[in-house]
Amino acid sequence: MTIKRAELKTIGVAIAAGLSFAIMLLLRDSIYAVFEFQDYLPFQTIIKFFSFAMCFSIVFLGAVFFVQTLTRQRLLSAALFIVIGLLELADMLSLWGMSFLYRDAGNTYNYGVISSVGQLVMALGIFIIFTRDDRQVRASARGVPFTLALVGGALLCASVRFVMHEFPEFMESNAYDMIHNAMRMLTLGLLTMSIIMVMYRHREARPQALLLIIQSLIFLFFANIALMISRTAWDTDMIVGYLYNLVGYYYLLRGIYYVTIEEPHRQQKQAEERINFLAYHDELTGLSNRRLLRERLDSELTRARSSGKKMAVILLDIDRFKTINDTLGHSVGDEILVAVAGRLQSIVPYPECVFRMGGDEFTIILPYLRTTEEATATAEAVMRLFHSPIMLQDAEYHITISLGISFYPDNGDSVDVLVKNADVAMYSAKAQRNDFKLFAPQMNERAGERLRLENDLRKALEQRQFVLMYQPLVELETGRVVGVEALVRWNYPERGMIPPGEFIPLSEETGFILPLGEWVLSEACRQNRQWQDEGIPPIIVSVNLSMRQFKQYQLVERVRAILMETGLEAKYLELEITESLTTEVDYAVETLNKLKALGVRISVDDFGTGYSSLVYLKKLPIDKLKIDRSFVSDILHDNNDAAIVSTIAAMAKHLKLRITAEGVETMDQLEFLKEQHCEEAQGFYFSEPIPALEFAEWIQTQGSQKNKVQLALG
């Protein structure tokens, strides 16, 4: 039952209790009767017996069974109803006909007082228990409350009996009537306050157990009104009061039963269902997971073998998803995964055949194929799905996917082989990104080569296979070399010098970029210090920071330690970041300010190709913008590129930032950049990236470099 339904039911119970009591009052004059005690005794004895049984059911259910979920409210309720149960027993023994057990049996005042005391104790106890916060308690904590309840209940019964036996004249006085009525009024007040407090304290969410408690309090409230207006100890009002009281006990017992048995059982059942669901489904997207994929694919293969039809396995993942997570955060990444799952289910013929393998990888099974072209058409439709952006909280996110396909029986006849070959085809597609590939046997060779490359990356650092190349930065005004950019290359024993485009993405993907990046930073600082020691005029060395490096733990401390270890002054180190690192502006500002406090320079590399924003240019403590080579290469032939370079240069001038143009290859490009007030340039026009020894020799010929610049600038 939902909380809303339980609340409606509580309202219905309250209305039913109120209406029935109102009808009883309206018909009171016509139905009121005073019974003969021999007629009244069996009825009241039965009611009292059930009341006593209810009390001790509450005790046993509340604190004897299922003690692993014992709470403070359950324990104190059980202790309270030990006392109430003893009073109910004493009240039952006070009835006419019980003189063989209790010598004061039949005294009207006895069961009137005992009943009033019992109702008052119950109302006070419920008010104290259910208007306080609940919490888990140990089963060993039951001893003290139970002992106190037994001793207190027995003493209370004995005290009431002592007062009635020793002061009979008081029991017949007006003072007794006043006290008796006051006790009833106080009981009504406590019950009313309990209802109000419980409702108020749980106004945001009302558990079903507490709603049952409220239903119990409602009936107990009307029970006490009936008992208060009764004229004798054996009239219809008294019977109505005891019946309402019994119903109140019943709802209280149901509330404790719900907390003790029904709710734990429901939670256990939900937990089992959840565990079973998660065993075969992805928690984030709700798609079937890898385990269910194996079972489903095995079943589909069996069908395909018997029917003689083809089937396909499509494996896809999101391009550059790690960058999305790093720049936008994992919460946005999760939302994108959910959106991707929804789009995939909307396009495939069988939505239950879409699976999430983990991370950003998804698998689609296409059974019952007549031709391979059907799978190709589905793949093209899936690719088109992501031509439109994903909308999340009024923001657009453009993503692309890479997709690989393997076929039964052409590319394999088992689950493992088909999935492996689809994976190989997908990684072949990722070389171009935003593409799909059908599996071909030669792809296994390329996949094996990629795996070997990944394994050899780890050894390369230990075996000192990485080298740094240096490309100069020339000041256009003077033609002087003012800096150098350190660029890593891999001198692979089997293939020779490998450019960074082949191993940097793999390093990013595997996390190897962190030790590699730290080595590059340390080696560049060491080399720059060595050049200074050899008498070369001090220049700035620029080192690129990857996304992972920028977000690694204690980046600033690592940079400080490297500067101290190599002896290079911080002002001769420039760290290059990309625009994508600045999407988390607060983190970027804090980190860059700490780096600036060391004295390090900061530049933005490949400006204009990423998440360009004037906001971060204003907030971030940067010194320089580096215009990407893609704009510089066509500035003489493409008016748009020329306009972009001019705009960036003008903006940088107003923001008091230096400008470096990358990829300068001709004198005409150099002239154009000078006209745009670009301060620095680098590119093949001056020098390609060269080893440290060659750079030391090259810089000695700086006079000829000045002549080249001055000649270009007229």
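This briefing describes the aromatic contacts of the structure shown above. The model is predicted, and it holds 21 aromatic pairs. A pair of aromatic rings is described by the distance of the centres and the angle of the planes.

**Phe466 and Trp519**
- The ring centres of Phe466 and Trp519 lie 6.5 Å apart and the planes meet at 45°, so this pair is tilted.
- Phe466 belongs to strand β8 (residues 466–475) and Trp519 to helix α18 (residues 513–533), so the pair ties together parts that are 53 residues apart in sequence.
- Phe466 is buried, because its relative accessible area of 4% falls under 20%.

**Phe550 and Tyr587**
- Phe550 and Tyr587 form an edge-to-face pair, with 5.7 Å from centre to centre and 90° between the planes.
- Distant parts of the chain are linked by this pair: Phe550 is in helix α19 (residues 547–551) and Tyr587 is in helix α21 (residues 585–598), 37 residues apart.
- Phe550 is buried, with a relative accessible area of 0%, whereas Tyr587 is partly exposed, with a relative accessible area of 28%.

**Aromatic cluster**
- One aromatic cluster is formed by Phe21, Phe219, Phe221, Phe222, Tyr244, Tyr250 and Tyr251.

**Charge over a ring**
- The ring of Tyr280 has the charged end of Arg291 sitting over it, 5.8 Å from the ring centre.

Key:
Residues numbered from 1 in each chain as written. Predicted model: local features only at pLDDT ≥ 70, side-chain atom pairs only at ≥ 80, totals over all residues. Heavy atoms only, no water. Phe/Tyr/Trp six-rings, centres within 6.5 Å; stacked < 30°, edge-to-face > 60°. Helix = DSSP H or I, 4+ residues; strand = E, 2+ residues; numbered from the N terminus. Buried < 20%, exposed > 50% of the residue type's maximum accessible area, 1.4 Å probe, protein only. Lys NZ or Arg CZ within 6 Å of the ring centre and 35° of its normal.
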